[in-house]
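Please read the following points alongside the coordinates.

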Amino acid sequence: MPEGHTLYRLAADIEESFGGEAVRVSSPQGRFAEGAALVDGQIVEAAQSAGKHLFIRFVDEQIIHIHLGLIGALTFGDAPAPPAVGAVRLRIEGSRRYADLRGAMVCELVTTEAMGGLVGQLGADPLRPDADPDRAYERIHRSRKAVGALLMDQTVLSGVGNVYRSEVLFRARLHPLTPGQRVTRRRWNAIWDDLVELMAEGVRLGRIDTVRPEHEPEAMQRPPRVDDHGGEVYVYRRAGQQCHVCGSMVRTEILEGRNLFWCPRCQRRR
DNA sequence: TCAAGATGATCAG
DNA sequence: TGATCCTCTTGAT
């Protein structure tokens with residue numbers, strides 16, 4: 001589930017599992033063999049996420065940059081690590097834990113400068129206390145593009161993926177095809193505050209829960225709404241099902257190659 | 001057994 | 001905008 005909150009947790013898990021320890025680094029699948037050899041035996045200094053990017057820094061200043069993409073996964077287990085199953089691009093083994101990376105879009109060694117460049121291109125990350133939502137709003141307010149597309153643009157906002165995009169727009173009762181330039185400042189502030197709260201909760205819970213029964217008493221009486229991504233949601237991947245709030249059929253459409261979900265009554269086009 | 005789809009992003013045209 | 005890459009799971013055949 002690679003949205004920003006997942007990467008934030010993974011960074012914390014890496015530090016907790018391997019921080020301060022010299023680790024064995026390998027690439028059972030072979031595609032990261034050269035990079036793995038360069039950091040094998042080095043001490044893990046720190047790990048951090050930025051949007052959907054993950055960086056693992058070693059004491060000798062080498063940095064592994066990982067981007068999970070759509071299907072990548074980083075899983076952990078207790079040492080000793082068993083023989084690798086499937087296409088394990090990267091394996092990190094410590095004295096207590098091991099981690100396996102599969103299916104990542106990016107797994108490479110980068111320099112501190114390159115890392116700075118990557119992070120510098122990213123938009124405001126709702127998980128960072130120093131994030132600047134004003135800059136994001138300037139981009140949104142200048143654009144004729146759909147707000148649903150802008151929220152997914154990692155140079156505008158970083159860490160927001162399809163689930164948070166769909167859900168935060170529902171919670172704001174904003175139609176995803178509304179042009180960015182028609183999003184008011186007040187509306188944007190509410191969306192940003194909501195993202196900050198939802199994503200922090202995503203980090204705590206390890207899943208995306210957006211349904212607030214206490215705010216929607218009617219929803220309490222409806223059938224279970226746990227999506228198979230693991231959380232409770234209003235519209236994400238619920239096309240053709242009833243909206244928890246008004247009972248209308250949730251709609252879907254492809255916007256810029258990604259599935260979009262919204263309730264046509266709760267999120268009217270203005 | 002096989003095809004489709006998935007919470008992402010890039011590149012060519 | 002469509003093709004492509006990465007891997008695994010699910011559902012259809």
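1. Helix α1 (residues 4-18) packs against helix α7 (residues 185-205) at an angle of about 45 degrees, the two axes being 8 Å apart. Here axes are lines fitted to C-alpha atoms, for helices over the stretch in contact, and angles run from 0 to 180 degrees between N-to-C directions; helices (H or I, at least four residues) and strands (E, at least two) are DSSP runs, numbered from the N terminus. The angle makes α1 oblique to α7, where angles under 35 degrees count as roughly parallel, over 145 as roughly antiparallel, 65 to 115 as roughly perpendicular and the rest as oblique.

2. This is a predicted model, in which local features need pLDDT of at least 70 and side-chain atom pairs count only at pLDDT 80 or more, while totals for chains, interfaces and linings use all residues. Residues are numbered from 1 along each chain as its sequence is written, chains are lettered from A and ligands numbered from 1 in the order in which they are written, and side-chain values use heavy atoms, with hydrogens and water left out.

3. The crossing of α1 over α7 is right-handed, a crossing being left-handed if the near helix is turned anticlockwise from the far one by less than a right angle, and right-handed if clockwise. G4, H5, Y8 and R9 of α1 meet M199, G202, V203, R204 and L205 of α7, with contact meaning heavy atoms within 4.5 Å. By class, this contact comprises four nonpolar, three polar and two charged residues; Ala, Val, Leu, Ile, Met, Phe, Trp, Tyr, Cys and Pro count as nonpolar, Asp, Glu, Lys and Arg as charged, and the others, Gly among them, as polar.

4. Helix α7 also packs with helix α6 (residues 162-171), at an angle of about 130 degrees and with the axes 10 Å apart, which makes α6 oblique to α7. This crossing is right-handed, and its contact is formed by Y164, V168, L169 and R171 of α6 together with I191, D194, L195, L198, M199 and G202 of α7. Seven nonpolar, one polar and two charged residues take part.

5. One open sheet has four strands in the order β2-β3-β4-β8, paired antiparallel, where two strands pair if DSSP finds at least two bridges between them. Its edge strands are β2 (44-50) and β8 (106-110), and neighbouring strands are turned by 20 degrees against each other on average, direction ignored. Within the sheet, β3 (residues 53-58) and β4 (residues 63-67) share five bridges, and I56 stands opposite I64 in β4. Helix α3 (residues 112-120) lies across β2, β3, β4 and β8, running at about 160 degrees to β3.

6. Strands β6 (residues 88-93) and β7 (residues 97-102) pair over five bridges, with A99 in β7 as the bridge partner of I92.

7. What are the domains of chain A? The assignment, with bounds from an automatic or database domain assignment, gives domain 1 (4-120) and domain 2 (133-262). Their C-alpha centres lie 30 Å apart, and the contact takes seven residues from domain 1 and 15 residues from domain 2.
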